[in-house]
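Subject: Structure for you to look at

Hello,

Here is the structure, with the sequence alongside. Please open it first, then read the notes below it.

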Amino acid sequence: MKVTSHVVARMLGTWQEGPGPAHQRLSDRLRLLVLDGRLSLGSAMPSERDLAIALSTSRTTVGTAYRTLVEHGYLATRARARATVRLPDDTPPERQAGTNSATIDLSFAAPPAPVEILHAAFAAALEQLPRHFERHGYDRNGTSELREAVANRYQRRGLPTPPDHILITNGAQHALALLVRTLVSPRDKILIDHPTYPHAISTFTEARARLLPVAVTSSGWDTAQLHAASRIASLAYLIPDFHNPTGLCMPPSVRQSLRLACPTVIDETMTDLALDGASPEPFAIHMPTAISIGSVSKSIWGGLRIGWIRATPSLLERVQQTRYATDLGTPVVEQLATAILLNEDQTQRPGTLQQLRSQRDALREALTEHLPDLHAPQPAGGMTLWATFPQPISSRLAAIAPDYGVSIAAGPRFGVGGAFERNIRLPYTLPPSQLTQAILRLAQAEQALTRGATGAHSPAPVA
């Protein structure tokens with residue numbers, strides 16, 4: 001597969017920023033694109049001349065960067081052919097001395113399982129299971145028990161919802177993928193928050209859609225930009241409830257004024273994680289045409305792969321037809337257990353929310369002590385801090401951090417065009433002692449970067 005110079009230029013983003021000569025900055029950024037998987041193995045790179053033109057730099061700069069990558073095993077060359085992407089044969093360097101314990105994973109924003117309530121829910125679900133034995137078990141809509149439970153949950157939150165407006169899926173990511181298969185064609189323009197959830201970006205790019213990013217800043221959403229972008233978009237995807245990764249919550253005044261001109265998918269996965277104040281109202285109260293997706297992966301447990309779509313029956317019928325190409329339904333026992341949890345209001349447990357608050361405070365205290373230059377505003381909910389470094393070091397830090405016993409999600413994973421090199425997402429879903437140790441290790445990794453160290457670790461999975 002050939003990669004054009006303009007595609008590479010977009011992925012590189014503002015590669016000119018940072019210390020060192022231009023060829024070193026370029027080779028470092030290209031190496032990180034390889035490690036990050038954005039430049040796929042075996043793909044053919046653009047010629048030195050074409051890339052130099054696309055980057056508005058000299059051919060000497062590109063040629064020197066390419067030779068550096070060849071020397072370190074990230075590009076392979078042969079006569080009269082494009083350089084191709086590869087990985088070095090070497091294994092990643094051993095972890096540095098003093099970090100001999102297991103790597104602390106800060107790439108996943110996910111809670112531990114609430115053991116007692118999960119066990120009780122599954123025990124009750126197994127008692128209910130025999131009444132489903134006479135049916136074939138393949139239900140394209142979901143069990144009536146869970147569809148009613150999800151509909152009642154919306155009803156309790158102030159949004160009347162009949163059960164036939166609910167389709168059960170294997171998590172919110174599956175819900176989004178089904179909607180994209182149903183509603184999106186190649187080259188369609190998709191409006192997204194920027195930054196946004198990485199797997200949503202992957203879902204849209206795999207559908208060969210073109211992304212229209214609209215910035216979510218520290219002051220929130222720009223309604224004028226959202227309205228303008230929606231007029232040329234085929235679909236919008238927004239996370240207004242404790243936005244992932246920033247943790248921001250769209251104010252009621254913005255929700256009431258937002259009237260996008262394209263179909264809009266609202267990701268409500270984080271809705272139940274209000275830490276400072278009440279949970280927001282369902283977005284569809286203010287925009288009745290909104291398509292809502294949700295799950296229990298953040299409010300209960302990631303291993304409970306249950307999600308849903310709330311939409312009109314006519315749209316859900318189209319989604320059902322699309323679904324036959326991917327799967328035949330959601331496991332029944334998990335649906336019955338989730339229905340029990342929803343009916344018992346177990347997605348908003350005061351003890352769990354208090355624990356998240358204390359862990360958020362512990363993470364911020366550790367940052368103040370060990371990484372004082374890292375700016376991390378306190379979010380009103382969710383599970384993550386969106387932290388900003390003074391310098392664009394995010395991808396380089398992610399590549400070296402495992403050598404110091406911690407893995408992180410670099411900022412560019414949450415954006416397009418190489419954006420957010422100054423940012424990292426830091427979840428506060430681990431115990432305070434682990435969070436403190438993780439930030440101490442991250443500070444050691446940052447100090448190593450300032451001394452000129454480099455890393456060769458591929459990015460960790462993100463959730």
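**The largest pocket**

The largest pocket has a lining of 27 residues, and V7, M11, R38, I201 and T205 lie nearest its centre. A pocket here is an open set of points on a 1 Å grid over the protein atoms alone, with protein on both sides within 12 Å along at least five of seven lines; lining residues have an atom within 4 Å of a point. The space in this pocket comes to about 1,100 Å³. That volume is the space filled by probe spheres set on the points, which are joined across faces, edges and corners; the probe is 1.4 Å.

Which elements each supply at least two residues of the lining? They are α1 (5-12), α8 (198-206) and β6 (210-217). The most comes from α8, with 5 residues. Helices (H or I, at least four residues) and strands (E, at least two) are DSSP runs, numbered from the N terminus.

**How to read the model**

This is a predicted model: local features need pLDDT of at least 70, side-chain atom pairs count only at pLDDT 80 or more, and totals for chains, interfaces and linings use all residues. Residues are numbered from 1 along each chain as its sequence is written, and side-chain values use heavy atoms, with hydrogens and water left out.

**Strand β11**

Strand β11 covers residues 307-310. In a regular strand the side chains alternate between the two faces of the sheet. In β11 both faces are covered. G307 and I309 are buried on one side, W308 and R310 on the other. Buried means under 20% relative accessible area, exposed over 50%, and partly exposed in between (1.4 Å probe, protein chains only).

β11 has two antiparallel partners to look at. Strand β4 (residues 166-169) is joined to β11 by 4 bridges, with I168 opposite W308. Strand β10 (residues 291-295) also pairs with β11 over 4 bridges, and there S295 stands opposite G307. Two strands pair if DSSP finds at least two bridges between them.

Most residues other than glycine have a negative phi, and most peptide bonds are trans. These places depart from that.

- H194 to P195: the peptide bond is cis, with omega near 10°. P195 sits in the loop between β5 (189-194) and α8.
- N244 to P245: this bond is cis too, with omega near 25°. P245 sits in the loop between β8 (235-238) and α10 (252-257).
- S56: phi is positive, near 55°. S56 is in the loop between α3 (48-55) and α4 (59-71). S56 is exposed, at 69% relative accessible area.
- R187: phi is positive, about 75°. R187 is in the loop between α7 (172-183) and β5. R187 counts as exposed, at 55% relative accessibility.

Where is T384? T384 is in strand β12 (residues 384-388). T384 is buried, because its relative accessible area is 3%. T384 and Y428 are 44 residues apart along the chain, yet their C-alpha atoms are separated by 5.9 Å.

**A nonpolar surface patch**

Y138, Y324 and L328 make a nonpolar surface patch of about 350 Å². Y324 is in the loop between α11 (313-323) and α12 (332-343). Y324 counts as partly exposed, because its relative accessible area is 45%.

Best wishes

Technical notes: Patch = residues over 30% accessible without salt bridge, like charges linked within 9 Å, V, L, I, M, F, W, Y side chains within 5 Å. Areas by Shrake-Rupley, 256 points an atom, 1.4 Å probe, with all protein chains shown as cover. Salt bridge = Lys/Arg side-chain N within 4 Å of Asp/Glu carboxyl O.
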